[in-house]
Amino acid sequence: MIVHNDFPEDLESLPEYLSTWITPNDAFFVRQHLPRPRTSAETHKVEVGGLAANKLSLSIADLRKLPQVSVPAVLECAGNGRSYFRPKMPGLQWTKGAIGNAEWRGPRLADILAKARASTKAQFADFDGLDVGVGKTPDFIRSIPMRKLQHPSTILALDMNGVPLPDLHGGPVRLVVPGWDGASWVKWVSRIELADKMHTGFYMNPAYRYPKNPVAPGSAAKPEDLDVLEGMAVKSFFARPADQTKVQLGTPVTLTGPAWAGEHNVARVDVSTDGGATWKTASLSAQGREFSWRIWKSEWRPAKPGYYTLCCRATDTAGRTQPIEPAWNPSGYLWNAVDRVGVLVEG
Ligand SMILES: Nc1nc2c(c(=O)[nH]1)N[C@H]1C(S)=C(S)[C@@H](COP(=O)(O)O)O[C@H]1N2
Ligand SMILES: [Mo]
């Protein structure tokens, strides 16, 4: 993995580990604002309070007794690809790999909110994990609107890819908000507070906000011109071949990688082997339902030696497609340019 920080851990997956439908747990990227807390499945509690008639204190065993659902879904950091924006901005300089697809399993938030008898006045729930603020870095708290919490695929995950949720990924319990950016997926959830207003902390404002209208590259945005980031962009990239690969003429080359579209579904992936002059539609894996990625594939037989620029571009069911130049924004979120790799074919 690419180690951006080793304490707290910020680890990025290499693109070649992102060529399969499920990303293995030990190859899955890690993002932490704060040091990892100490907890265990035996002692951990999730408190539910605020605008609820029936306050709850749930152990992991209590959460396992509720109906369990499996949700395959992509988790992507909003800042994935930040390093490609020009001008550059501060923040983790992610390349392609702050993303992965896993099968998450646990109880539905809707069932927990019903058990807590959430008031009709509750508009948001604030999720706090066991990690605490350190120095200038505040406590990580995120507000999620009720409409998304009531969605049948929004769960508190206890398992990831068939094993108890690893500590690095928020074990024993994390929030899974399919189709939304990684910052919504609060790890080590210890408190759920129902409220009539959005939480005002740093991670709701100014962090994780995106301009309502595009701003000129390098400029600041006024706070009133920013909205909370919710759904993610349409995106595909090359897991293989790696950039600057050398191949022998006569050997077929498999072009492949994942494609996803946040709350929408991928409709198509097109590939080009001539820098975007001409395009061909790639095949898409049957696997990949709502919120999870699909693996696209195309076989390429280069006709003659030389240097080739390969491109891939996904289009989703909402008609969105990957741009050549994603909108620059002050925090460097939602990078989704048409992906490119260079390949040298030797004769
Ligand atoms: N409690 C807590 N939850 C958190 C974070 C955090 O710092 N603390 N980081 C968030 C961010 S920004 C991302 S991208 C995802 C990353 O999840 P992962 O480490 O399992 O890949 O977790 C989110 N949940
Ligand atoms: Mo993130």
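Which residues does Asn 80 touch, not counting residues up to four places away in sequence? Here are my notes, with that one taken up first.

1. Asn 80 touches Trp 94, Thr 95, Lys 96, Gly 97, Ala 98, Ile 99, Lys 235 and Trp 335, where contact means heavy atoms within 4.5 Å. This asparagine sits in the loop between β6 (68-76) and β7 (99-107); strands here are DSSP runs of E with at least two residues, and helices are runs of H or I with at least four, both numbered from the N terminus. Asn 80 counts as buried because its relative accessibility is 1%; buried means under 20% relative accessible area, exposed over 50%, and partly exposed in between, with a 1.4 Å probe and protein chains only. A polar atom of the Asn 80 side chain lies 3.0 Å from the backbone oxygen of Lys 96. From Asn 80 to Ala 183 the C-alpha distance is 12 Å, across 103 residues of sequence.

2. A word on the basis of these notes: this is a predicted model, in which local features need pLDDT of at least 70 and side-chain atom pairs count only at pLDDT 80 or more, while totals for chains, interfaces and linings use all residues. Residues are numbered from 1 along each chain as its sequence is written, chains are lettered from A and ligands numbered from 1 in the order in which they are written, and side-chain values use heavy atoms, with hydrogens and water left out.

3. On the overall fold, the protein has three helices and 25 strands. The C-alpha trace spans about 70 × 45 × 40 Å along its principal axes. Buried residues make up 52% of the 347. Of the contacts with a separation of 6 or more, 72% join residues 24 or more positions apart.

4. Ser 184 is worth a look, in the loop between β13 (174-176) and β14 (189-195). Its relative accessibility is 0%, so Ser 184 counts as buried. Leaving aside neighbours within four places in sequence, Ser 184 is in contact with Arg 142, Ile 144, Leu 175 and Val 177. With Arg 142 there is a side-chain to side-chain polar contact of 3.4 Å (a pair of N or O atoms within 3.5 Å; within protein, one must be able to donate a hydrogen and the other to accept it, and residues adjacent in sequence count only if both atoms are side-chain atoms).

5. Asp 225 lies in the loop between β15 (209-211) and β16 (226-228). This aspartate counts as partly exposed, because its relative accessibility is 36%. Beyond four places in sequence, Asp 225 touches Tyr 210, Pro 211 and Lys 212.

6. Please check the backbone at a few loop positions. Cis peptide bonds join Phe 7 to Pro 8, with omega about -15°, and Asn 205 to Pro 206, with omega about 10°. Pro 206 lies in the loop between β14 and β15, and Tyr 208 is found in the loop between β14 and β15 too. Tyr 208 has a positive phi near 55° and is buried, at 7% relative accessible area. Asn 161 also has a positive phi, about 55°, and is partly exposed at 22%. Most residues other than glycine have a negative phi, and most peptide bonds are trans.
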